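Subject: Structure for you to look over

Hello,

Here is the structure we talked about. Please open it, then read the notes below.

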Amino acid sequence: MFDIGFSELVVIGIVALLVIGPERLPKVARTVGHLLGRAQRYVSDVKADINREMQLDELRKLQAQVNESARSLENSMRQEMSSLQAQVETPLQDAAASLRSLGEESPRPSDATASKETPRA
(Lines give C-alpha, C1' and ligand atoms only; values in the text may rest on other atoms or scores of the structure.)
Protein backbone atom coordinates (compact mmCIF):
# COMPACT_ATOMS: atom_id res chain seq x y z
CA MET A 1 0.00 0.00 0.00
CA PHE A 2 2.62 2.53 1.12
CA ASP A 3 6.26 2.19 0.23
CA ILE A 4 7.74 2.65 3.71
CA GLY A 5 11.03 1.06 4.66
CA PHE A 6 12.38 0.13 8.08
CA SER A 7 14.56 3.24 8.39
CA GLU A 8 11.55 5.46 7.67
CA LEU A 9 9.56 3.65 10.39
CA VAL A 10 12.39 4.29 12.88
CA VAL A 11 12.36 8.01 12.04
CA ILE A 12 8.55 8.13 12.48
CA GLY A 13 8.88 6.30 15.82
CA ILE A 14 11.53 8.74 17.11
CA VAL A 15 9.46 11.77 16.06
CA ALA A 16 6.34 10.25 17.68
CA LEU A 17 8.29 9.60 20.88
CA LEU A 18 9.48 13.21 20.99
CA VAL A 19 6.07 14.73 20.13
CA ILE A 20 3.72 12.45 22.10
CA GLY A 21 5.97 11.51 24.97
CA PRO A 22 6.91 8.16 26.48
CA GLU A 23 3.81 7.95 28.72
CA ARG A 24 1.17 8.19 25.97
CA LEU A 25 3.12 6.56 23.11
CA PRO A 26 2.02 2.93 23.85
CA LYS A 27 -1.66 3.94 24.00
CA VAL A 28 -1.40 5.95 20.77
CA ALA A 29 0.44 3.10 19.04
CA ARG A 30 -2.26 0.65 20.17
CA THR A 31 -5.02 2.95 18.88
CA VAL A 32 -3.23 3.45 15.56
CA GLY A 33 -2.81 -0.32 15.27
CA HIS A 34 -6.55 -0.88 15.85
CA LEU A 35 -7.44 1.79 13.28
CA LEU A 36 -5.09 0.28 10.70
CA GLY A 37 -6.56 -3.17 11.37
CA ARG A 38 -10.08 -1.85 10.85
CA ALA A 39 -9.01 -0.13 7.65
CA GLN A 40 -7.43 -3.34 6.35
CA ARG A 41 -10.56 -5.36 7.21
CA TYR A 42 -12.74 -2.76 5.49
CA VAL A 43 -10.56 -2.87 2.36
CA SER A 44 -10.60 -6.68 2.33
CA ASP A 45 -14.41 -6.70 2.77
CA VAL A 46 -14.82 -4.30 -0.15
CA LYS A 47 -12.52 -6.45 -2.29
CA ALA A 48 -14.48 -9.58 -1.35
CA ASP A 49 -17.78 -7.85 -2.22
CA ILE A 50 -16.43 -6.74 -5.58
CA ASN A 51 -15.16 -10.26 -6.31
CA ARG A 52 -18.55 -11.75 -5.36
CA GLU A 53 -20.36 -9.31 -7.63
CA MET A 54 -18.00 -10.15 -10.49
CA GLN A 55 -18.57 -13.87 -9.95
CA LEU A 56 -22.34 -13.35 -9.80
CA ASP A 57 -22.20 -11.40 -13.04
CA GLU A 58 -20.20 -14.18 -14.67
CA LEU A 59 -22.66 -16.78 -13.37
CA ARG A 60 -25.59 -14.77 -14.73
CA LYS A 61 -23.92 -14.60 -18.13
CA LEU A 62 -23.25 -18.33 -18.02
CA GLN A 63 -26.86 -18.99 -17.01
CA ALA A 64 -28.11 -16.88 -19.92
CA GLN A 65 -25.87 -18.81 -22.33
CA VAL A 66 -27.07 -22.15 -20.97
CA ASN A 67 -30.72 -21.04 -21.21
CA GLU A 68 -30.20 -19.87 -24.79
CA SER A 69 -28.54 -23.14 -25.80
CA ALA A 70 -31.34 -25.10 -24.09
CA ARG A 71 -33.96 -23.12 -26.01
CA SER A 72 -32.05 -23.69 -29.24
CA LEU A 73 -31.83 -27.41 -28.54
CA GLU A 74 -35.53 -27.55 -27.66
CA ASN A 75 -36.49 -25.77 -30.89
CA SER A 76 -34.31 -28.04 -33.01
CA MET A 77 -35.75 -31.11 -31.28
CA ARG A 78 -39.30 -29.88 -31.91
CA GLN A 79 -38.51 -29.30 -35.57
CA GLU A 80 -36.93 -32.73 -35.85
CA MET A 81 -39.88 -34.38 -34.10
CA SER A 82 -42.39 -32.66 -36.37
CA SER A 83 -40.46 -33.71 -39.48
CA LEU A 84 -40.24 -37.31 -38.20
CA GLN A 85 -43.93 -37.24 -37.36
CA ALA A 86 -44.73 -36.06 -40.88
CA GLN A 87 -42.51 -38.79 -42.34
CA VAL A 88 -44.30 -41.46 -40.30
CA GLU A 89 -47.85 -40.13 -40.66
CA THR A 90 -47.81 -39.82 -44.45
CA PRO A 91 -47.22 -43.55 -45.17
CA LEU A 92 -49.64 -44.51 -42.40
CA GLN A 93 -52.36 -42.30 -43.83
CA ASP A 94 -51.71 -43.70 -47.31
CA ALA A 95 -51.91 -47.26 -45.96
CA ALA A 96 -55.12 -46.48 -44.05
CA ALA A 97 -56.67 -44.94 -47.16
CA SER A 98 -55.73 -47.95 -49.27
CA LEU A 99 -57.17 -50.31 -46.63
CA ARG A 100 -60.39 -48.30 -46.57
CA SER A 101 -60.65 -48.44 -50.35
CA LEU A 102 -60.00 -52.21 -50.28
CA GLY A 103 -62.62 -52.60 -47.57
CA GLU A 104 -65.21 -50.71 -49.60
CA GLU A 105 -64.51 -52.76 -52.75
CA SER A 106 -64.71 -56.24 -51.17
CA PRO A 107 -68.20 -57.74 -50.60
CA ARG A 108 -69.44 -57.84 -47.07
CA PRO A 109 -70.63 -61.08 -45.58
CA SER A 110 -74.39 -61.32 -45.74
CA ASP A 111 -76.62 -61.40 -42.75
CA ALA A 112 -77.76 -64.87 -43.79
CA THR A 113 -74.47 -66.47 -42.80
CA ALA A 114 -74.66 -64.75 -39.47
CA SER A 115 -78.16 -66.16 -38.79
CA LYS A 116 -77.09 -69.73 -39.69
CA GLU A 117 -74.80 -69.83 -36.74
CA THR A 118 -76.64 -70.88 -33.63
CA PRO A 119 -75.47 -69.90 -30.24
CA ARG A 120 -74.40 -72.65 -27.94
CA ALA A 121 -76.15 -73.09 -24.65
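The protein chain has 3 helices and 0 strands, in the order α-α-α along the sequence. Helices (H or I, at least four residues) and strands (E, at least two) are DSSP runs, numbered from the N terminus.

This is a predicted model: local features need pLDDT of at least 70, side-chain atom pairs need 80 or more, and totals for chains, interfaces and linings use all residues. Residues are numbered from 1 along each chain as its sequence is written, and side-chain values use heavy atoms, without hydrogens and water.

Of the chain's 121 residues, 2% are buried (under 20% relative accessible area; exposed is over 50%, partly exposed in between; 1.4 Å probe, protein chains only).

The largest pocket has a volume of about 340 Å³. Of its 12 lining residues, Leu9, Ile12, Ala29, Val32 and Leu36 are the closest to its centre. Helix 1 and helix 2 (25-105) are the elements that each give two or more residues to the lining. A pocket here is an open set of points on a 1 Å grid over the protein atoms alone, with protein on both sides within 12 Å along at least five of seven lines; lining residues have an atom within 4 Å of a point. The volume is the space filled by probe spheres set on the points, which are joined across faces, edges and corners.

Where does Val10 sit? It is in helix 1 (residues 6-20). Val10 is partly exposed, because its relative accessible area is 36%.

Best wishes

Note on methods: 1 Å grid on protein atoms, 1.4 Å probe; cavity = no way out; pocket = protein on both sides within 12 Å on 5 of 7 lines; lining within 4 Å.
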